[in-house]
Amino acid sequence: MLSNHTFAFLGAGNMARAIVGGLLRTGHESTEAVAPSSVRASRRTASLLEELTESFPGLVTTTSNRAAAEGASVVVLASKPQGFADVVADVKDVVRDDALVVSILAGITTKQIEAAFGRELAVVRTMPNTPALVDEGATALCGGRYATDAHLALAREMFKAVGKVEILPEHLMDAVTGLSGSGPAYIYMVVEALTDGGVKQGIPRPIAARLAAQTVLGAAKLVVETGKHPAILRDEVTTPGGTAIAAVADLEAHGLRTMLINAVGTATARSAELARLREEASKAS
Ligand SMILES: NC(=O)c1ccc[n+]([C@@H]2O[C@H](COP(=O)([O-])OP(=O)(O)OC[C@H]3O[C@@H](n4cnc5c(N)ncnc54)[C@H](OP(=O)(O)O)[C@@H]3O)[C@@H](O)[C@H]2O)c1
């Protein structure tokens, strides 16, 4: 299905690079790899486009968003949320009527994107996260007014190339930003703190860091692969009177779970606030 399409990535930065890499890779479980000649990528800095073609020989690169977008069946908005309206204004008359517009722009709604194009284009808004760089992304997506189930399925296939995908109603996208979008930052703090905990007990730092990261990776993998509730898995490692339950009681006393629940809430509220400020700024300009 993906291999029948031509893709234009407008804003070939880190996220776009991760998704392009996923699309081009062979052997993905549910879809054929996309040919590099079917993918165009644009950004303003020509030297950095050269690096991209070194990594992905055959990829079509250009500093012109219009040249990239013209005739593509999937147009990916992957530059920065600020200034997205200028990018759309530049390309809108060369984007096909039957194109799917996929946005990874944080905080920009499908309604804003549809309005910027000024016609009935299918838009799918997504919120990926940086583990997409290692094919372990968590992406949520939602469809705009003119997006059909087939458009959502196509977008889902694209992001499955770099991790797991969930489809949600748009009003939950700020919450997704607070959970999986910003979540890697919380987990890096956990890995860092666990490392320090090991170092404090005498483990050499590089070894403590590897043990901490692998513990987080392994525990997450057990949750995903067994489908068990995390509380059950926790019970399975807390021997009565043992070490883990002693530590769990300490974490409860310091409010670890409340802290994380509140962190997601704080990031969700900030995401909504940033979207509001951006909209106000674009109306004022
Ligand atoms: N990183 C994350 O965790 C994350 C998560 C979810 C969503 N997102 C969203 O993903 C998007 C990209 O983020 P990123 O982390 O990949 O940032 P990035 O690496 O800075 O990529 C942005 C790219 O856009 C290009 N660009 C900027 N203005 C442009 C224009 N007018 N025309 C064409 N290209 C333009 C930049 O290159 P030049 O300066 O050379 O033009 C750069 O390559 C953002 O909208 C962000 O909200 C990011």
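Helices (H or I, at least four residues) and strands (E, at least two) are DSSP runs, numbered from the N terminus. By that count, the chain has 12 helices and eight strands. This is a predicted model: local features need pLDDT of at least 70, side-chain atom pairs count only at pLDDT 80 or more, and totals for chains, interfaces and linings use all residues. Residues are numbered from 1 along each chain as its sequence is written.

**Overall build**
- Along the principal axes, the C-alpha atoms fill a box of roughly 70 × 40 × 35 Å.
- Of the 285 residues, 34% count as buried. Buried means that 20 or more other C-beta atoms, placed from the backbone, lie within 10 Å of the residue's own; exposed means 12 or fewer, and partly exposed is in between.
- Contacts require C-beta atoms, placed from the backbone, within 7 Å. Among contacts with a separation of 6 or more, 63% join residues 24 or more positions apart.

**Domains**
- Domain 1 spans 2-173 and domain 2 spans 182-254. These bounds come from an automatic or database domain assignment.
- The C-alpha centres of the two domains lie 35 Å apart.

**Sheet**
- Eight strands form an open sheet with mixed pairing, in the order β3-β2-β1-β4-β5-β6-β7-β8. Two strands pair if DSSP finds at least two bridges between them.
- The edges are β3 (60-62) and β8 (163-167), each pairing on one side only.
- Neighbouring strands are turned by 20° against each other on average, direction ignored.
- Strands β6 (residues 122-127) and β7 (residues 137-143) run antiparallel over four bridges. Met-127 stands opposite Ala-140 in β7.
- Helix α5 (residues 110-117) packs on the sheet and touches β5 (100-103), β6 and β7. The direction of α5 makes about 140° with that of β6. Axes are lines fitted to C-alpha atoms, for helices over the stretch in contact, and angles run from 0 to 180 degrees between N-to-C directions.

**Ligand shell**
- The ligand is surrounded by 27 residues, the closest being Gly-11, Gly-13, Arg-44, Thr-45 and Ala-106. A residue is near a molecule if its C-beta atom, placed from the backbone, lies within 6 Å of it.
- Helix α1 (residues 14-24) gives the largest share of this shell, three residues.
- By class, the shell has 13 nonpolar, 11 polar and three charged residues. Ala, Val, Leu, Ile, Met, Phe, Trp, Tyr, Cys and Pro count as nonpolar, Asp, Glu, Lys and Arg as charged, and the others, Gly among them, as polar.

**Helix α11**
- Gly-255 follows α11 and has a positive phi, near 75°.

Methods
Two residues are in contact if their C-beta atoms, placed from the backbone, lie within 7 Å.
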